[in-house]
Structure formats: structure tokens, C-alpha cells
Amino acid sequence: MDYQKILEQLADGELDHYEVDPKDAFEFQSALRSFNKRQNITGKALRGGKIIYSQSKTEV
């Protein structure tokens, strides 16, 4: 899976959200830690271990 591409799409607003299954969470987190725009992405944990990542909403 090309997590870098997914992260770019999330940060740029091309993707509304991306859902990560528990089995892929560690690999996705590794990619997110090395992503240079990670402050633009937030994750929300759901019951069952899934995490939904989306673009951070900043208020001005």
C-alpha cells in the first residue's frame, strides 16, 4: 500500500478521509511519523481498533 500517496491526498484535501484497520495501523503510523505535513492530518480512533484519518480543520 502506498501510504505516502494517501497521506499527500489527505493533506491536500483530495481525500475526505482514510480508514485504517487495526492490522495496518502500525505500518500506517510509521508512514505518518515520517510524513512532512503530518500536522495537517488528524486521526480518530473508533471502537474495534479502526482509525479514521482526515485533513485537520484549522479555524482562523
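In the predicted model, Lys 50 is partly exposed, with a relative accessibility of 32%. The side chain of Lys 50 forms a salt bridge with Glu 19, the closest N and O atoms being 3.0 Å apart. Lys 50 belongs to the loop between E2 and strand E3 (51-55) and Glu 19 to strand E1 (residues 17-20), so this pair ties together parts that are 31 residues apart in sequence. Glu 19 also counts as partly exposed, at 36% relative accessibility. A salt bridge to Asp 21 is likewise formed by Lys 50, with an N to O distance of 3.7 Å. Because Asp 21 is located in the loop between E1 and H2, the latter pair ties together parts 29 residues apart in sequence. For Asp 21 the relative accessibility is 28%, and the residue is classed as partly exposed.

Salt bridges that share partners also join Glu 8, Asp 12 and Lys 37 into one network. Within it, Lys 37 and Asp 12 are paired at 3.3 Å between the closest N and O atoms. Lys 37 lies in the loop between H2 and strand E2 (41-45), whereas Asp 12 lies in helix H1, so parts 25 residues apart in sequence are tied together. Lys 37 is partly exposed, at 26% relative accessible area, as is Asp 12, at 42%. In the whole structure, 5 salt bridges are found.

Helix H1 (residues 3-12) and helix H2 (residues 25-33) have axes that come within 10 Å and cross at roughly 60°; the crossing is right-handed. Tyr 3, Gln 4, Ile 6 and Leu 7 of H1 contact H2 through Glu 27, Phe 28, Ala 31 and Leu 32.

How values were computed
Residues numbered from 1 in each chain as written. Predicted model: local features only at pLDDT ≥ 70, side-chain atom pairs only at ≥ 80, totals over all residues. Heavy atoms only, no water. Axes fitted to C-alpha atoms, helices over the stretch in contact; angles between N-to-C directions. Helix = DSSP H or I, 4+ residues; strand = E, 2+ residues; numbered from the N terminus. Left-handed = near helix turned anticlockwise from the far one by under 90°. Contact = heavy atoms within 4.5 Å. Salt bridge = Lys/Arg side-chain N within 4 Å of Asp/Glu carboxyl O. Buried < 20%, exposed > 50% of the residue type's maximum accessible area, 1.4 Å probe, protein only.
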